[in-house]
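Dear colleague,

I am passing on a structure for you to look at, together with some notes on what was found in it. Please open it first and then read on.

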Amino acid sequence: MLVTLCGGVGAARMLSGLVRVVSPREITAIVNVGDDMVLHGLHISPDLDTITYTLAGMDNRETGWGIAGESWTVMEELAELGGQSWFRLGDRDLATHLFRTERLRAGEPLSAVTADIAARRQIGVQLLPVTDDTLRTRITLAEATELGPAGTEVAFQDYFVRLHHGVPVCAVRFEGAQSARPGPGVLGALREADRIIVCPSNPIVSIAPLLAVPDVLDTLKSRRDRVVAVSPIVAGAALKGPADRLMAELGSDPSVAGVARLYAPWVSTLVIDEADRDLTQAVEAEGVRCVVAPTILDSPGRAAALAKQVIDVGI
Ligand code: FO1
């Protein structure tokens, strides 16, 4: 069994490669829920949905989120009414949030609703939210914004979407993590995996929330020799999103060596892009074996080629 640690779009692309070289039934994806939020009374799980839509072949490749060929009638009407329309929920996407919210309100856990959506979308891969409990990424802003003075703590999507992740950050925390319990199957999957792949997701706001759930990090440390990560940083920059800036703002070197340093306690191998070949020794100086491969996932074929290399890396 193959287990992947996942955020949003980078993980979705990695998984779309993996399912081309391994049976989806062999893959269990443990997914971040720190980006989740309640808006218009609806429970939105962006990373779970990005992965589901991608594996179902419904994803919008231009935005990296939402459904291809969306219509926006509800958002347009909401904007007419003066309602909140900064976080754009397409008409088709809304069905997912309505379905999930209704089931959660009836008392079902997020893991069960997620499994049902994945089955109905026929994605094959087992998707496990890292926890069924409430875990929310909170961001402290280093500068004044429309949301408050410097030092204001905001919800993740306020930082990411409302403020276009354009404001420096001085702290990140994962509200609820300490009392969260790992979701059903999460620790078992980590203990039994033949290989654990860390997708090229943001180390600070996609992977760190997974590690903040009790026992996840300790279990990963005990399986370190099985853990292979793909760097989300290429040539000192994030391929998408603010990973490079967040790393720098929070005191890490925004390079493959910085990723190696963050992951070294629980990752034994880091796959870096060919553009970073010169940093192989710097990665290995962190105590992490370094493998060089083309890591830019800009087509399904390239994603499959990377997936094959990650699966073939000797461990
Ligand atoms: N990202 C945006 O930049 N703008 C949006 O309006 C937006 C809406 C949205 C709706 C549903 C969903 O599942 C994701 C959405 N995202 C949007 C993406 C999301 O904010 C980020 O991709 C993740 O949370 C970061 O991984």
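**Around the ligand**

Of the 13 residues around the ligand, those that come nearest are D35, D47, W65, R88 and Q157, where a residue counts as near if one of its heavy atoms lies within 4 Å. This is a predicted model, in which local features need pLDDT of at least 70 and side-chain atom pairs count only at pLDDT 80 or more, while totals for chains, interfaces and linings use all residues. Residues are numbered from 1 along each chain as its sequence is written, and side-chain values use heavy atoms, with hydrogens and water left out.

Some polar contacts (pairs of N or O atoms within 3.5 Å) can be followed one by one. A polar side-chain atom of D47 lies 3.2 Å from an oxygen atom of the ligand, and an N or O atom in the side chain of W65 is 3.2 Å from a nitrogen atom of the ligand. At R88 a polar backbone atom is involved, 2.8 Å from an oxygen atom of the ligand.

As for the elements (helices are DSSP runs of H or I with at least four residues, numbered from the N terminus), helix 2 (46–55) and helix 6 (156–162) are those that give two or more residues to the shell around the ligand, and helix 6 provides the largest share, four residues.

Best wishes

Terms used: A polar contact is a pair of N or O atoms within 3.5 Å; within protein, one must be able to donate a hydrogen and the other to accept it, and residues adjacent in sequence count only if both atoms are side-chain atoms.
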